[in-house]
Amino acid sequence: MATTFLVNELKLDKNLDALKDKYLPQRDLELIGTWQQHNICPPVIDLPNLNDIEIRKIYRDPDVELYRLMNRFPRLFLPWRPIILACRAERNALEAVFRVANGYAWHNNRNWCNPAAPLSSWYGVTTKPVLACIIGRRLIYLERVITLDLSRNNLAPRKLDEESGRLAAEIGQLSCLQKLYLNNNFLRGKLPENLSRLTALTDLRLQFNQFEGSIPSSLSKLIRLTRLQLDHNRFEGYIPPALSSLTQLEGLFLHCNNLGNQIRLYRPRPGRPFERFTDRIITAGKVSGIRIREQEVRDYYLNDAKRYEIHPPVRESIAIMEELLIRRVSTNIPPSFVNLSKLKELTVYGNHLNGSVDSTLKKHPYYAQWKLTQYSQQTGFHLSTT
């Protein structure tokens, strides 16, 4: 039984006529016609004859079976090996998201982790075909994920063990993803660094969750982002100046977090945990351009004999950082945001920002639309534009 792959736009009409002679189901012919209208033309490859058992296996799970055929005929599949591997990795990544976020408790998990269902039939998943073939009397195709919309879907319910309720790091394997909507759920923990691998992403919405920790500077690698929503979470620390490299950004929403949070610090004693204290000293040093190592902070407070062995400038810097933190002097909006020429919306209210906005930002063409002081910061903090 011969197997024929679709080729390119120039030959698609001819293939459509040929497919009618094969008595393909009408739904497959309509799907190919839709591809033609949108100029979507999967590549071509010729396969050897397959028996009925192999064909049924491919119908059941095209990702797995085409991967097996690729190992069986490596030379034949060599041009399409990256596509097949990427499609298989994306299915595994979505299964990891389902597993880590307790998918069985979602409001809607239709067809998720069903090996017989194409990714396009999974709830909240939108795909585009990248490789198609005609086997027997049926159309088989592989697809890449371009949109993942699981907003308001009860991801990570409140009563879960500590290991669940997070955003799976494998989500970084969805390299063709353009839109990611996970807002209005109960996701928690830190944002995975692998998010920076989603370089095709244009819209990222993670608002109304319970994410914590600092905002990763690695998000600056998502250079195609036009909208970034991180509001109504528990992020703390400073606003990363590296975000100023997102030159396509039109909307940045950071309100209702704990950004700029520097809680009044105690002077730690031996045997008393002070990891958070150490982190804040080091973070404050980074903001001021001073490199302070964790061991130096420990020696400064817990070992009087070694305190004076610390390099004097570093020792003085630790003392200065402590004084700044105790006075609750927090970080502000990075002046480098003036380079975000397309940024029309910026919200930072409901945080722990203090002081006045840098005068450099007032040169931004959309500065008046930001309305930075229209709503207040949290109690005890005040952001001024004067």
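Q: Is Tyr-375 buried, partly exposed or exposed?
A: The model is a predicted one, and its residues are sorted by relative accessible area, with buried meaning under 20% and exposed meaning over 50%. Tyr-375 has a relative accessible area of 48%, and the class for values in between is the one called partly exposed. Tyr-375 is therefore partly exposed.

Q: What kind of aromatic pair do Tyr-349 and Tyr-375 form?
A: A search of the whole structure finds eight aromatic pairs. A pair of aromatic rings is described by the distance of the centres and the angle of the planes. For Tyr-349 and Tyr-375 the centres are 4.9 Å apart and the planes stand at 50 degrees, so the pair is tilted.

Q: How many residues apart in sequence are the parts that the pair of Tyr-349 and Tyr-375 ties together?
A: Tyr-349, which counts as partly exposed at 25% relative accessibility, lies in the loop between strand E12 (345-347) and strand E13 (355-356). Tyr-375 lies in the loop between helix H11 (367-370) and strand E14 (383-384). The pair therefore ties together parts whose separation in sequence is 26 residues.

Q: What kind of pair do the rings of Trp-106 and Trp-112 form?
A: Both Trp-106 and Trp-112 are buried, and they belong to one aromatic cluster together with Phe-98, Tyr-104 and Trp-122. Their ring centres are 5.0 Å apart and their planes stand at 80 degrees, and planes over 60 degrees apart count as edge-to-face. The pair of Trp-106 and Trp-112 is therefore edge-to-face.

Q: Which residue in E7 stands opposite Arg-188?
A: Two bridges join E5 to strand E7, which covers residues 210-213, and these two strands run parallel. Across this pairing, the residue of E7 that stands opposite Arg-188 is Gln-210.

Q: Which residues make up the uncovered face of E9?
A: Strand E9 (residues 234-237) is joined to E7 by two bridges, and two bridges also join E9 to E11, with parallel strands in that pairing as well. Glu-212 stands opposite Arg-234 in E9, while Gly-237 stands opposite Leu-259 in E11. The covered face of E9 has Phe-235 and Gly-237, and the uncovered face has Arg-234 and Glu-236.

Q: What is the separation between the C-alpha atoms of Lys-363 and Val-338?
A: Lys-363 is found in the loop between E13 and H11, and at 70% relative accessibility Lys-363 counts as exposed. Lys-363 and Val-338 are 25 residues apart along the chain, and the separation of their C-alpha atoms is 7.1 Å.

Q: Among contacts in the protein chain between residues at least 6 apart in sequence, what percentage join residues at least 24 apart?
A: The protein chain has 11 helices and 14 strands, and buried residues make up 49% of its 386 residues. Among the contacts between residues at least 6 apart in sequence, the share that joins residues at least 24 apart is 63%.

Technical notes: Residues are numbered from 1 along each chain as its sequence is written. This is a predicted model: local features need pLDDT of at least 70, side-chain atom pairs count only at pLDDT 80 or more; totals for chains, interfaces and linings use all residues. Side-chain values use heavy atoms; hydrogens and water are left out. Rings of Phe, Tyr and Trp (its six-membered ring) pair if their centres lie within 6.5 Å; planes under 30 degrees apart count as stacked, over 60 as edge-to-face and the rest as tilted. Buried means under 20% relative accessible area, exposed over 50%, partly exposed in between (1.4 Å probe, protein chains only). Helices (H or I, at least four residues) and strands (E, at least two) are DSSP runs, numbered from the N terminus. Two strands pair if DSSP finds at least two bridges between them. Contact means heavy atoms within 4.5 Å.
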